[in-house]
Amino acid sequence: MLGIETFFLTSLMTSPDFLSNKPVDNIDLLLPDFLTRLKQSVILYKKSYPEQDIIFLETYRSNTLQEIYFNRGSSKLKQNGMHHYGIAADCMFEIDGQRTFKGDVELLRQIHEFNGLYTLGMWDALHVQFIPVNQQQQLRTDVENKIRSFQTACALSPTGEPDTSTIQKAIAVFKP
């Protein structure tokens, strides 16, 4: 699905943030095509509000952190949310040097959608992602199959899960 599986295996699984229990705001952990569209959204937003900026609070999110959010009731997903695949971001505005949620949320959402991105309901108004909700389960399956193929090629147990030995092998192969 649009190279997300390969990006997950080669860039996310090999990142020091892959198992982080803290929010990650590193935009380099976003799928490049998604990041390009996000940057285009910011540029378009700033045409209407040049004095404001868009800050990305959370880009990649590990399953470790996703489970923490789930256990405290701030997420309905226990694992494998779209942040985990580098295709979702949560943002806020920076106005007069202050971070706030009080910018023109509606305009930003419209711009994201114009750029081919997807927003959720107003309950998560400043979340944006690369694929629609109805494609998420297929993505999870595709990533699991990509990991399983990598494991098989590397003589690892083909579980489809990014376990410690798979992560270590991916680092050795893709970050020598």
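User: To start, are α5 and α6 roughly parallel or roughly perpendicular to each other?
Analyst: Roughly perpendicular. The two helices pack at an angle of about 75 degrees, and their axes are 11 Å apart. Angles under 35 degrees count as roughly parallel, over 145 as roughly antiparallel, 65 to 115 as roughly perpendicular, and the rest as oblique. Axes are lines fitted to C-alpha atoms, for helices over the stretch in contact, with angles running from 0 to 180 degrees between N-to-C directions.

User: Which residues make the contact?
Analyst: From α5, I147, F150 and Q151; from α6, T166, K169, A170, V173 and F174. Contact means heavy atoms within 4.5 Å. Helices (H or I, at least four residues) and strands (E, at least two) are DSSP runs, numbered from the N terminus.

User: And how do the residues of that contact divide into nonpolar, polar and charged?
Analyst: Five are nonpolar, two polar and one charged. Ala, Val, Leu, Ile, Met, Phe, Trp, Tyr, Cys and Pro count as nonpolar; Asp, Glu, Lys and Arg as charged; the others, Gly among them, as polar.

User: Quick check on the ground rules. What kind of model is this?
Analyst: A predicted one: local features need pLDDT of at least 70, side-chain atom pairs count only at pLDDT 80 or more, and totals for chains, interfaces and linings use all residues. Residues are numbered from 1 along each chain as its sequence is written, and side-chain values use heavy atoms, with hydrogens and water left out.

User: Salt bridges next. How many does the structure hold?
Analyst: Four. A salt bridge here is a side-chain nitrogen of Lys or Arg within 4 Å of a carboxyl oxygen of Asp or Glu.

User: Take R148 and E144. How far apart are they in helix α5?
Analyst: Four residues, about one helical turn, in a helix that spans residues 136-153. R148 is partly exposed at 26% relative accessibility, and E144 is partly exposed at 29%. Buried means under 20% relative accessible area, exposed over 50%, and partly exposed in between (1.4 Å probe, protein chains only).

User: Which residues do salt bridges with shared partners join into one network?
Analyst: E58, R61 and D90. The D90 to R61 bridge has its closest N and O atoms 3.3 Å apart. That pair links distant parts of the chain, 29 residues apart. D90 is in strand β2 (residues 88-95), while R61 is in the loop between β1 (52-58) and α3 (63-71).

User: Is R61 buried or exposed?
Analyst: Buried, at 9% relative accessibility. D90 is buried too, at 14%.

User: What does D33 bridge to?
Analyst: R37, with the closest N and O atoms 3.3 Å apart. They sit four residues apart in helix α2 (residues 32-48), so about one helical turn separates them. D33 is partly exposed at 36%, and R37 is partly exposed at 23%.

User: Switching to the core. Which members of the largest nonpolar core touch the most others?
Analyst: F34 and I87, out of 43 residues. A nonpolar core is a set of buried Ala, Val, Leu, Ile, Met, Phe, Trp, Tyr and Cys residues joined through side-chain atoms within 4.5 Å. The elements giving two or more residues to this core are α1 (4-12), α2, β1, β2, α4, α5 and α6.

User: What is I87 in contact with, leaving aside neighbours within four places in sequence?
Analyst: I4, L31, F34, M82, V128, Q129, F130, I131 and L139.

User: Which residues are buried in α4?
Analyst: In this helix, residues 105-114, the buried ones are V105, L107, L108, R109, I111 and H112. They pack against α2, β1, β2, β4 (118-119) and β5 (127-129). G116 follows α4 and has a positive phi, near 80 degrees.

User: Backbone now. What is phi for N80?
Analyst: Near 55 degrees, a positive value in a residue other than glycine. Most residues other than glycine have a negative phi. N80 lies in the loop between α3 and β2 and is buried, at 17% relative accessible area.

User: And where does A155 lie?
Analyst: In the loop between α5 and α6. Its phi is positive, about 60 degrees, although A155 is not a glycine. A155 is exposed, at 72% relative accessibility.
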